[in-house]
Structures are given as C-alpha cells and as structure tokens.
Amino acid sequence: MSLPIQKHLDDFRARKTDLFRKDFLITWEHPRQEIEAILSLASVLKGLHQEGISYRVFETGLAISIFRDNSTRTRFSFASAANALGLGLADLDEEKSQIAHGETVRETANMISFLAEVIGIRDDMFLGEGNRYMREVGAALTEGAGAGVLHRRPSVINLQCDVDHPTQALADLAWLKEHFGGLERLEGKKLAMTWAYSPSYGKPLSVPQGVIGLMTRFGMDVTLAHPEGYGLVPEVLEVARENAAQGGGSFQVATSMEEAFRGADVVYPKSWAPYHVMQRRTQLLQEGDRPGLAALEKECLASNARFVDWQCDRAKMDLTRDRKALYMHCLPADISGVSCERGEVSAEVFEQYRIPTYRQAGYKPFVISALMFLTRVKDPAARIASLVERSK
Amino acid sequence: MSLPIQKHLDDFRARKTDLFRKDFLITWEHPRQEIEAILSLASVLKGLHQEGISYRVFETGLAISIFRDNSTRTRFSFASAANALGLGLADLDEEKSQIAHGETVRETANMISFLAEVIGIRDDMFLGEGNRYMREVGAALTEGAGAGVLHRRPSVINLQCDVDHPTQALADLAWLKEHFGGLERLEGKKLAMTWAYSPSYGKPLSVPQGVIGLMTRFGMDVTLAHPEGYGLVPEVLEVARENAAQGGGSFQVATSMEEAFRGADVVYPKSWAPYHVMQRRTQLLQEGDRPGLAALEKECLASNARFVDWQCDRAKMDLTRDRKALYMHCLPADISGVSCERGEVSAEVFEQYRIPTYRQAGYKPFVISALMFLTRVKDPAARIASLVERSK
Amino acid sequence: MSLPIQKHLDDFRARKTDLFRKDFLITWEHPRQEIEAILSLASVLKGLHQEGISYRVFETGLAISIFRDNSTRTRFSFASAANALGLGLADLDEEKSQIAHGETVRETANMISFLAEVIGIRDDMFLGEGNRYMREVGAALTEGAGAGVLHRRPSVINLQCDVDHPTQALADLAWLKEHFGGLERLEGKKLAMTWAYSPSYGKPLSVPQGVIGLMTRFGMDVTLAHPEGYGLVPEVLEVARENAAQGGGSFQVATSMEEAFRGADVVYPKSWAPYHVMQRRTQLLQEGDRPGLAALEKECLASNARFVDWQCDRAKMDLTRDRKALYMHCLPADISGVSCERGEVSAEVFEQYRIPTYRQAGYKPFVISALMFLTRVKDPAARIASLVERSK
C-alpha cells in the first residue's frame, strides 16, 4: 500500500460511521464526518484499483439496479462498483418484469432480494415520487427481514431521485477535494451553481439540489443562479441555507450568471427544468396527458429561448477568480456547436475543461464502491488492511 | 454448521439421487426420494445463506436463461441461484439474437453452450410447445456433447412450461414441509387447488398442474376445483390420479370453490385459462390471427365474468379446517380492491397471508440452487461438507 | 496438463507476441507469428476447459460489449470468454444509454471504462464506419489513460466491423488447423470463398474479407468467386493479393461457383451484399431515406434472384478434391428447404457438414479468450503454468 492510500485510510479510520446494513438516500441525512469517511474510503479504493490491488469482499451476492430513466455513466458506475466488490449485477428491467401488471412495490422489493446485498435505484422523473419510492422499497425490505422473508436486508442506494443525486454530489465533492488539495481548503471558496440554457427540457433538479445541499456543509460560499421562474424545490433551498449556517459558509440566490460567476473559484453551469414546470409535468405524465405534455414542452422551450445567453463562455469565465475558475459538469453537457447549436457551454470552454470533467466523473464508481463497502462490510478499515495483506 | 442444517444434510445423505449432468423438466419423472433430496438440499443451502456461509462451487461458467414470457420472481430466482453457485448469468434475449432469422433450435442450443453449465428455460405460452422445446434443446445438447462440439453438456432446468412449473411446485412443497413440520405430516392433509376469478385472461396452466402433480405424491388429499369448462390438460389429471393412488392420498375434482375449501388445510386459489381456450389461443397465436385473438379474449373475459364469486374471501376461508387453512399463491395475486377491482382474493385475506406467501416464494432461489447443485456437482454431500469446512 | 495441451503451450512459447495492453482490430496488422501464438493459446485454453481446469485470471473487472447489430454466437462467445477469465459482463445498450442524446464517442469511451479491462465492439452496418469507430474509441482510451482519467487502458477487441471479422476468421483458421492437422499442412490447399444466393440482402462483407485476408497468409490457394457486381472492398482484395505473394500461396477471383469449387479442399459459400450496394445503403441509412432503402432492397433482391443457382449442392461438391472438400460456414446458413425456400446451401450438403460447422464455431469463445489473455496478462505462458499448478 502506497503512502497516499495509507493517508486516506488513516483519515477514514479517524471518522465514525454508522452505515452498516443501512440505506443511503440523501447526503444531508448523514453527519459530516460520515460524508468525510465516504470520501476517504472512495480514495482508498481508487488508489487500490490504481495499484492493481483487488478490493473484492464478496464471494457471491447480487447488486440489483432499478433504472427508471436512461443512464450511461451511473449505470456503468454502479455495475463497476458492484463488480469490484464481487457482486453480480441483476437489472430489474420493468419492461421485462410483471411490475406493470399489478405487483405492489413491497412485494417486488422482497421477491428480488432473497440473495441481494444492495439495490441501486434511479427514479428522477416525477417530483415527489422517486425518493418516496426508495423509502417504500426500504420499508418493505425492513418488514421482510423482520418477518424472516429475507435472511439479510439489502441496502438501498439512491442513484438519483427527485430530491438528491448523492453519488454525483459526492463524486463532485471528492473531485473538489482533490483539485484544491483537501476538504479544509474548500472553506471560503465560491461555487457558482447556475442554470444554463439547453435546447432540451425536463432535465431533473437533483444535480443542482445535490450540489447546493452538500457543498454548503463544507464552508463554501455557494451561489445558486437561475432566471426568474427556474427555481428548485423550496425545501432543498431551506436545507442549503441551514447547512451554510452550520457549516460556516454561505448560500445565496442570484438572478444572473454573471453575478454568480464573479469571483467564483468553481462554476457548475447546468440546465434544469423549473420546479413548477416539473410539478405540472409530473401531473401530466401521471394523467398520461400527451397533448398537455406537448403543449408544456413547447411553452418551456419558448421560455428557455429567452435565456440563450445563459451560456458558459470565455467572457463569463473571465469574471471568475483570476479568470480560471474550475468548470464542472455532471456530463453529458450540451456544448454549443458540438452537441447542439447553442447550449450550456461554449465549445472552447468545454474543451479546456473536458479532461477535468472526465476526472470528476471518475470518482463516481469509487464513491459507489465506498457506499457499498460501508453499508455491507462490518469493519471496513480492518477489511481494507486484510485486502492489502492478501495482495502481497 | 448449525444443528438444523446438519439435520437437513443428514436427510439429504439418506436419499439417492441420479441427477448429475441430467436435465430437470417435470417433477413426476423423478422418484420420490429424489424430490425429497432436492428439498433437503434446498434447506441446507437456505440455511448456509442464512448463516453467511457461501455455497459457491464454480470458479467460472455460465448459467443461461431463456425467457419466452415475462417474469420477475423466476428471473431473479434463477439469477440468484446462478450467482450463489458462482455462475455468470447470460440471458438469451431472442429479440437481440438472430433466432428469428431462421436459426434452428439445435444450432442455437450448441452455439450458446460452449462454456455453459445450466440452461434455464421458461416457455409457457403455447400448449404442446414449451416442454417439447426444452426436450429439443436437451437432445441438441446431447448430440453436441457426443460429437465433441461441447466439452460438457449443460443441464436444462424447466423454469415453467405448458405442462409443469417444477421450481414453483417444489418451492411450494418446501414451504408446506416447513409450515407443517415435515413432509410426513402432509399425509391426509387436504389441499384445495382451485380456480379463482381474474379480470385478465390467458394465465398458464402449469402452476395448478405442477401442484396437483406433486402434492398428490405426498399423501395429501388434493381437490381440484374450477367452473365447468375450465379444465386442465387431461394427461396431467391422469398423472395426479395415479400419483394419489401410489402416494396414499387422494385426488378429486370439484365444481365449486366452497366444496373444495370445506375442511381444507391448505388453499391455493389461482386463476388460469381453460385448457380448450389455451388450445385455441395457441393456434391463433401461431397463425398470427389478431382479430381471432381479440375475439377469443372478449369471449373468455365474458365467460370469466360469470364466475366473479370464485374469490377467496373470509366467508370461504371460514369453511376451512378450524377456519384457518394456509393460503398459498405463486404471486403476484389479483387482489380485490388492490391490484384490480375484483380478483382472486379479498384484500383482507391476502393481507393476513401476505408474509407467508413471501416466505413461500423465498424457497424458489434455493430450490433452483439445489437443482443446479445436484445436476452439476458430482458428490453434493461431500461438497457441502467441504464448503462448511472452508468457511471456518 | 495433458500432452496435447503441453504441445500447444510449447508452440505458444516459441512465438513472440506484443499484444499486452493493445487493441486487436484487424488480423493483417499483426505478424504471422502473433497469429500463430493466438491459435496455440486458444487451443491451450480449449484444452484446459475440456479437462475442467479453470483459466480464470481476474478476480474482478469488466468486459464491456457494444453490439451495433444483432448477434447470438458472437455475443455468447464474448460473454463466455469474459466469464472464463473472471470478468463481469456489461453491455452498453445504446437504447438504454444517453448516447443518442449528443454524447460524443470519446466521452462515452471514458465513462464506461473506469474499471474495464476489455471492450468488444461489433459495428458492421455502415461501410467506412465500424472500423473507424473502433479506432476512435481506442484513441479516446489512450487519451484518457494518458491524462489520468483511466488508471488502466482497456483493450478494444473487434467483434466484427466493415473491414474484418477477426475472431471469426481466427476461429475458422483454428478449425482448419485442427482439421488438416497443423497450419503447415494448409500450404497449397485450395480454399474457395464464394458468394452464395440468399433470399435476404445486406449481409456484411467482413466474413469473406476476413477469410481472404487471413488464409492467404498461410500458403493457401484462395479463390474468391462471386457474380459480376458482387465485389468486396477493393483495399481488402489488395491485402489478399499481397498476403498471398508473401505467404507463398495465391489469390484469384473467379466468376463462377463451379470454377472456384473445382479441386477445392475447402469451400466457404456465403452470401453478402455487393460493395457498391453497401456504399449506397450506408448513405441511405445515414440520410434516413426509407423509400430509398426500400427501393434498394427491391433492386438487390431482384439482382440476387438472377443467381439462385449459386447454391452449394451435391453437384458442386462433387467438383471438389476427391468430392469431399470441407464445407465451412460462419452460421447461421440459409439452408434450402429448411430456413428458406432456396438459399446458400442444399439441406443435404448442410446436414452432412452440420456438426463440423458447429465445431468450427466452437473455437470462437477460445479465440476471444486468447485475445483477452494476451492483451491483459503480462506473461501469458507463465500464467498458464501457474493456473495448471493451482488446479492440482
């Protein structure tokens, strides 16, 4: 084990976690030292992978994924993490299953879990639904385990819901930690989480919500910016305000990209659909109202079109601290002239930061690995030590 | 290894099996002691899982699944069982393959099997087809292995066909064994396998057929009940009669749910499509006659509607022995007021037995594990002993 | 380890390879001794499997497959090979991913590869596209690994492109080696790679191209035959001519099946779409011109219909050396009276050679295993020795 890994492992050991056999749904439901422990462990696992040391801890067991929305990177991050721990992947493809035919959530949750260790769920389409669904699955598992249906209760891991996208936000934080050289160096740094123009509509709110809910806890000065009417879920704004108050940072809302970028150390320009639109969309989707959805889309795209200048370009980057803020994106970005005519970011700025966004994304499989490790392995630090020993 | 597991293992050792490198297609093609051995081994494996002892026996190898009908629980049971033994899962998705483009069954059977250990097949849509298809696959594998195409002949496991649903029936029997405290306690117990109303149509016959074909062998008094015209495949009725005669139990057919429930120790109310309808449906499906299928569905639903009172409710449960027969279902059930307006079972009765039906289902992954173990491991008892030894 | 395996291993050891951490895209980009080493190693791995000795070398890691066309045998060969080495399979299903939504190839290549060891790609639909796409993926991986995005650069393996189908051609060569008792015995043998009639259209050119590009290197007298206007990609014809000149064999093009079959030791009758048609088809597909595609298909089928006598039947087989040339096919074949009214081969000839074609196909999982082994294991011969040692 190299020195950097040893350092991350020491950092991990110094923090208390209480995640064994639990679920992981929302970052702000977990104490700060648990978040720190996750990041340290993720770095340990990333380092082991880099050195070719396997961190497989399961001989058998299933990791089940339920994706209620398309996904490439989260799907592969979850698959990679499961495989790295020794778990087999089983995807619950609701088209292939009988879920549409009247099965209740609690029944299905038990039926798929007899030999499962973790269940990763992405459900971000409907406001007020995804997170609730995850808790419903969790409650069913608790009931099943208590009643002797399941010999072990699997852990539910949120792979993106309507409220938070914790594995993304944690990967983002891990990348910030690496980039600035430690979590303590984030204090006082300004992060601009801003809306950006996109020719599409209906992008989920959970990425910006996850970012403002998490980064405010680490002393950052977080500015959320968006055009009028493009607000996030009010409860999460409240969380961000409280976190900032407790974490020693600040949280404010601005109405121009320029204002947010001014003096920023980090910018995260990203499109999303307004909260109130998502509410209407949720209702229309639930009612299966196709003409209504088409009308809403048309209205929203027309609304978006008023804000095409909400694009991260060189002129805006020049407003940031020393003109060289770190640009972040969860990918894929809408890149002007590349993936669309006009989008979230200019081709030139994106190309400058392309590799850094890849490295940002590179933390996700290890963050998910760490969450699986912490929720399923009883004494993680001792286990890491024995893994390293075994590899010799 | 705990005492209960030891007891199941002793029971297993006391029985002779001849399943190595064979297929498992129909329960009544196997001697009673082989069935008993499967149940004992399933309980051993379930116990090992409960105690956290891996029963992985393969380092590599594929378990191939072919699902010609939707499935959640059988799919996950098969995936779980394969994973628990150390096999990788590969699903032959006929949409993704070239099967539709003129490949013969025997060719495909060989092409997918070069490194396969087991092939699980669900094919229950067409009367007279599913079981025949499985035997065709088996014959092709035998030819391929004999001709040096395959270095090892994989075992075919029936995951539901038009005749039997052996992994379901075996899981049901394992649950009855647990519930009543032993197979010998099933003697003289009355089991009511009855048709029940459902607002859908075309449900396969293999569940009731599997139940009457298996439970009659263990001294149970099995009563099959259904409205006139809702009969099962005649050959299987004959099997049930013979099994009852040899097994010391009885088999009769009743025409009312009440009659079947009266004094029953176990009730299994479950919808299915009449045999003669499935015959017509098979023909229409093969001819691709959509208007004919629509007309048949309409006719059948109208016919079903005459029997909405074939619902398992409190009044009918009160007819059973001491008013507390065990309710069973293969899930998902059509629950009145929950998954449909009016269905197979009242919400109140289902809720009372919900957890027991989950526990019933919980045997399936271990029954499939046991079938894989017995068909692929040369000396299963010795192997279990060495697994336990290894875990220390 | 049995004597035959030992012999193949000695043959392998005698040859130098430089494949570690490289891609494998086109057979003629690799020196002859590397091709020979691949075949020897494939036979070693096939022998180990036959003797029940695992050649698993990975504890964890992903093998990613990207299939841009339907596939049964290549899909299962890749899955089998990955599993045999201990890799988990993850399929990038472009319908399930966000690739269609503007992701660039280089981004996706990195996003899926954080814990990947190999990426197998089948992309044979568009002339001039598939192979280029694979190289684009490879370049992105090289960039990602160089920039610290990926800790290890996975190897890209061509599972069929518009130019070559290397795993098929290598399996074909391995089968010829077995059939004739050694690669050196192929010298001077006549192989007839001929077009054959099929009632379908649009079959890729990569199988015949792969065969003429590879077999010409081993001293075979290769005759390519097709009706006028059914030519292959000109660059590959040039490769075949050069290979023949260097390999001591010959390469000629004939315009009748009879001429090609006369005196042949091996015949490989197989349908394909003409090069110039594939060019037009590629353009129409890219333009999404459905009426144009329908018109082209009609025109091609009419053209094909003029050549229904290009069928491999007994009369043509009687023209071959001693009337008993080896018939080869990559499967599935269009068999007259079996899978179609009139096709590539008569039912009688196919039935005679059916099992040999299965054995031909049986080399593919081991060829792919060998490619994975060589591209990912540093000292393959030593590793084989230690695997055999471990199995004792």
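Strands are taken here as DSSP runs of E of at least two residues, numbered from the N terminus. In the predicted model described here, Asp221(B) lies in such a run, strand β6 of chain B, which spans residues 221-225. With a relative accessible area of 24%, Asp221(B) is partly exposed, because that class begins where the buried class, under 20%, ends. Leaving aside residues up to four places away in sequence, Asp221(B) touches Gly188(B), Lys189(B), Lys190(B) and Leu191(B), and also Gly249(B) and Ser250(B).

The arrangement of the chains was examined by superposition. Chain A is brought onto chain B by a rotation of 120°, with 0.0 Å of shift along the rotation axis and an RMSD of 0.0 Å. The relation is therefore that of a three-fold axis. Within chain A, the C-alpha nearest to this axis belongs to Gly88(A), at a distance of 4.5 Å. The two copies use different surfaces, in that 6% of the contact residues of chain A recur in chain B.

The interface of chain A with chain B is considered next. In this contact, 33 residues of chain A meet 35 residues of chain B, and the area buried between the two chains is about 3000 Å², of which 56% comes from carbon and sulfur atoms. Four salt bridges are counted between chain A and chain B; in a salt bridge between these chains, the side chains of Glu143(A) and Arg354(B) approach to 2.5 Å, N to O. The polar contacts between chain A and chain B number 10 residue pairs, with both residues of each pair at pLDDT 80 or more. On the side of chain A that touches chain B, at least two residues each are supplied by β1 (62-67), β2 (88-91) and α4 (105-111) of chain A, and α4(A) gives the most, with five residues. By residue class, this side of chain A divides into 11 nonpolar, 12 polar and 10 charged residues.

The interface of chain A with chain C was treated in like manner. Here chain A contributes 35 residues to the contact and chain C contributes 33 residues, while the area buried between chain A and chain C is about 3000 Å², with 56% of it on carbon and sulfur atoms. Of the area that chain A buries against chain C, 23% is supplied by His49(A), Phe76(A) and Tyr358(A), more than by any other three residues. Four salt bridges are counted between chain A and chain C, and a salt bridge joins the side chains of Arg390(A) and Glu59(C) at 3.3 Å, N to O. Across the interface of chain A and chain C, nine residue pairs are found in polar contact, again with both residues at pLDDT 80 or more. The elements of chain A that give two or more residues to the side touching chain C are α2 (32-50), α3 (73-85), α13 (347-361) and α14 (364-376). The residues on the side of chain A that touches chain C comprise 13 nonpolar, 11 polar and 11 charged.

Definitions and conventions: Residues numbered from 1 in each chain as written. Chains lettered and ligands numbered in written order. Predicted model: local features only at pLDDT ≥ 70, side-chain atom pairs only at ≥ 80, totals over all residues. Heavy atoms only, no water. Contact = heavy atoms within 4.5 Å. Buried area = accessible area lost by both parts, 1.4 Å probe. Polar contact = N/O pair within 3.5 Å; in protein donor to acceptor, adjacent residues only side chain to side chain. Helix = DSSP H or I, 4+ residues; strand = E, 2+ residues; numbered from the N terminus. Nonpolar A, V, L, I, M, F, W, Y, C, P; charged D, E, K, R; others polar. Least-squares fit on C-alpha atoms with pLDDT ≥ 70 in both. Buried < 20%, exposed > 50% of the residue type's maximum accessible area, 1.4 Å probe, protein only.
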